[in-house]
Amino acid sequence: MLSIKNLHVSIGDKPILKGINLEIKPGEIHAIMGPNGSGKSTLSHVLSGKGGYTVTGGSATYQGKDLLEMAPEIRAREGVFLAFQYPVEIPGVSNIYLLKAALNSIRKHNGQSEVDAMDFLTLVKEKVRLLEMDEKFLYRAVNEGFSGGEKKRNEILQMAILEPKLCIMDETDSGLDIDALKIVSEGVNSLRSPERSFVMVTHYQRLLDYIKPDKVHVLAHGQIVKSGGADLALELEEKGYGWVEEAVA
Amino acid sequence: MNTATTSRYAAEYQTIVPALPGQNLPWLQALRAEALAQFSAQGFPSPREEEWRYTNVSGIEKKLFAPLADLTAGDVDVEWLKAHKLQDAWVLVLVNGHFSAELSVLEGLPEAVSVTSMADALATQSDKVEKYLGAAADQAEHSFIAFNSAWFTDGLFVHVPTKLVLDRPIQLLHIVTGSDAMATTRNIIIVDDMAELKIVETFVGVEAYLTAAVTEVFVGQSAELTLYKMQSESDKAYHFGGCYIKQACDARFTHHNFAFGGLLARSDIHVDLDHASECELNGLYLGVKRQHIDNHTRIKHLKPYAISRELYKGVLDDRARGVFQGRVIVAEDAQKTDSQMNNRNLLLSDDAEADTKPQLEIYADDVKCAHGVTVGQLDEKSIFYLQSRCVDEETARNMLTFAFANEMVDKIKIRGLHDMILEQVLTRFPQQGVNKEWL
Ligand SMILES: Nc1ncnc2c1ncn2[C@@H]1O[C@H](COP(=O)(O)OP(=O)(O)OP(=O)(O)O)[C@@H](O)[C@H]1O
Ligand SMILES: [Mg+2]
């Protein structure tokens, strides 16, 4: 699904990612943990095509294609979805409008016709129920005035409707209350399939209690300093990051 | 001042004057003479005047616009007119500055309401006109008002009596078909105590011409008036449109100013607020190519407890220039004034320009006054967010620009007018961007 090889990324002259290697197979869930400022969001952004970063070395191959060559919207249409750590407010553009625009661009990209208005509404309402959201959110401007948790839930709503192949979730759990975390996790679990992979950036074991990862990686100082199974997260929860960082240094 | 221009106009004036309405009214003759003298002495406003400092009208000065004779309705393209005519409204059509009964729709108006052409009003109820003409617009203020007083050929006269609520809007459709022509109209709108009215002023045309329109508005005690101005003059036209409003105690007035057309367009919206009255001024100006769009607002809080709210938004592309000058004056007597003024500009090109000048002059001490202005580009974070949701960059830019402008369109409460203006905003995104069916 995704193969990252020796990826180096700088912001201006400042190296942020210093040789990331990551192999993600279809159907796998990878958790990425690591201290603040280690480069987790940077990795998520670079994979989804945000500007302002310079790739100084390495590659990222998605479904056999050079991911880094593609415009952000092409990546999205090809099935890469980023659930933002800080979702952006877009005043004046309604949630449902953006969902329709997004879904139709994916369909067009795949040579399909525009979605039928009734089918679309049925689909959207089903997903709104799945995430236990109020339908009113559909008609509000994208994220405008949403609470922190509502924004995160809205990201997952978009993900559920667009059905991406590679879901990158940057701290989706942060800001969610206990009930919301459960609902969102169930939503994510319902999207699991042998063809769909997940990269979940998180600071907390809680999320991983609901969504069991196949692999856990620790990102520190721009490198993956340790990888392991689901148990690694438990160990980190107990001991912190000090010991893995030390082991590398 | 360009004396050559003013003397040419003054010379022409003598040949025109017999055709102007109200020849038999000495008070009007005196008013016109005074206005002509003022215009002859001052010429068109100059950027040296503080209220005109960002707007140079030398393009107007260079030409000699001539009034056009009454046109027969047959000369007007009916289909084109239909596109601008509101359904479910009483419509008064002015062609080249002259009322056309044939093209207007005035059937079914309540007896008590007086809606006539200005020429008619001067012929049949000149006492009333005399009382109001010049009572809100001060022609000494600048010479476009004086120009209008001297030259106006016709206009709209509306009087809604006490407590009457008109359920349909009245549209004043102002069209110009001629080239190098001037269309000079004077309107008076009187809404008596506790009455309610909605007015739509629409300005359209095809050639290079000058519109000089002045509207005087009187909103009585606890009365309510909403006035929409839709200016989509031709891209070769010059437009001056001044609206001068006097609000009595507890009166409510809302103005929506959509300034889309014209090569050079200037609007004045000047409001005087009495005790506990409220006004809301909304504006949207869209400039492309070399358009120059100037909006000048002035709100005078004369008595305590009045509320004013103002939001003007501009979208400027290519080499277009937008001007916003907003003055709020709070008189010594106007304690407990509550006023907010905002101007936000979106620049879509490096050559576009926005000049914004909010001015607060506060002479009372117990007031709440706020103002804010922004001039900026589209937010890159928002563009990336949309791209990450499959939207290509150009569409994302169009979506965000449309959303910025649409906030003002969404405030329109008359369905037909809303759709008409939305349509015009959407034509600004011909390639791609906004799918109307999804809105
Ligand atoms: N525009 C920028 N200019 C300079 N440095 C930047 C810029 N953006 C990010 N950085 C730096 O890059 C580093 C990595 O940031 P990133 O947001 O990827 O961290 P993170 O691992 O996601 O942290 P957190 O857990 O707090 O979300 C940080 O040191 C940050 O300060
Ligand atoms: Mg982060």
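A backbone N or O atom of G39(A) lies 3.0 Å from an oxygen atom of ligand 1 in this predicted model. Two further polar approaches to ligand 1 involve G37(A), through a backbone N or O atom, and Q85(A), through a polar side-chain atom. The distances are set out below.

| Residue | Protein atom | Distance to an oxygen atom of ligand 1 |
|---|---|---|
| G37(A) | backbone N or O | 2.9 Å |
| G39(A) | backbone N or O | 3.0 Å |
| Q85(A) | polar side-chain atom | 3.2 Å |

Taken alone, ligand 1 exposes 650 Å², and 61% of that area is buried by the protein. The surroundings of ligand 1 comprise 14 residues, the closest being G37(A), K40(A), S41(A), T42(A) and H203(A). Sorted by class, this shell holds eight polar residues, together with three nonpolar and three charged ones. At least two residues of the shell come from each of strand 2 (14-24) and helix 1 (40-48) of chain A, and helix 1 of chain A gives the most, with three residues.

Both of these elements also take part in the sheet region of chain A. There, four strands form an open sheet in the order 2-1-4-5, with antiparallel pairing. Strand 2 and strand 5 (65-66) of chain A stand at the edges and have a single partner strand each, so one side of each is left without a neighbour in the sheet. Strand 1 (residues 2-11) and strand 4 (residues 54-62) of chain A are joined in the antiparallel sense over seven bridges, and S10(A) stands opposite T54(A) in strand 4 of chain A. Helix 1 of chain A packs on this sheet, where it touches strand 1, strand 2 and strand 4 of chain A, and its direction makes about 110° with that of strand 1 of chain A.

Chain B has an open sheet of ten strands, whose order is 3-2-6-8-10-12-14-16-18-20 and whose pairing is mixed. Its edge strands are strand 3 (98-105) and strand 20 (368-376) of chain B, each of which pairs on one side only, and from one strand to the next the twist averages 10°. Within the sheet, strand 12 (residues 252-259) and strand 14 (residues 278-287) of chain B run parallel and are joined by eight bridges; the bridge partner of R252(B) in strand 14 of chain B is E278(B).

Two helices of chain B lie across strands of this chain. Helix 9 (residues 393-409) of chain B lies across strand 12, strand 14, strand 16 (307-316) and strand 18 (338-347) of chain B, and runs at about 145° to strand 16 of chain B. Helix 10 (residues 415-426) of chain B, for its part, lies across strand 8 (196-205), strand 10 (224-232), strand 12 and strand 14 of chain B, and runs at about 30° to strand 10 of chain B.

Terms used
Residues are numbered from 1 along each chain as its sequence is written. Chains are lettered from A and ligands numbered from 1 in the order in which they are written. This is a predicted model: local features need pLDDT of at least 70, side-chain atom pairs count only at pLDDT 80 or more; totals for chains, interfaces and linings use all residues. Side-chain values use heavy atoms; hydrogens and water are left out. A residue is near a molecule or strand if one of its heavy atoms lies within 4 Å of it. A polar contact is a pair of N or O atoms within 3.5 Å; within protein, one must be able to donate a hydrogen and the other to accept it, and residues adjacent in sequence count only if both atoms are side-chain atoms. Accessible areas come from the Shrake-Rupley method with a 1.4 Å probe; for residues, only the protein chains shown count as cover. Ala, Val, Leu, Ile, Met, Phe, Trp, Tyr, Cys and Pro count as nonpolar, Asp, Glu, Lys and Arg as charged, and the others, Gly among them, as polar. Two strands pair if DSSP finds at least two bridges between them. Axes are lines fitted to C-alpha atoms, for helices over the stretch in contact, and angles run from 0 to 180 degrees between N-to-C directions. Contact means heavy atoms within 4.5 Å.
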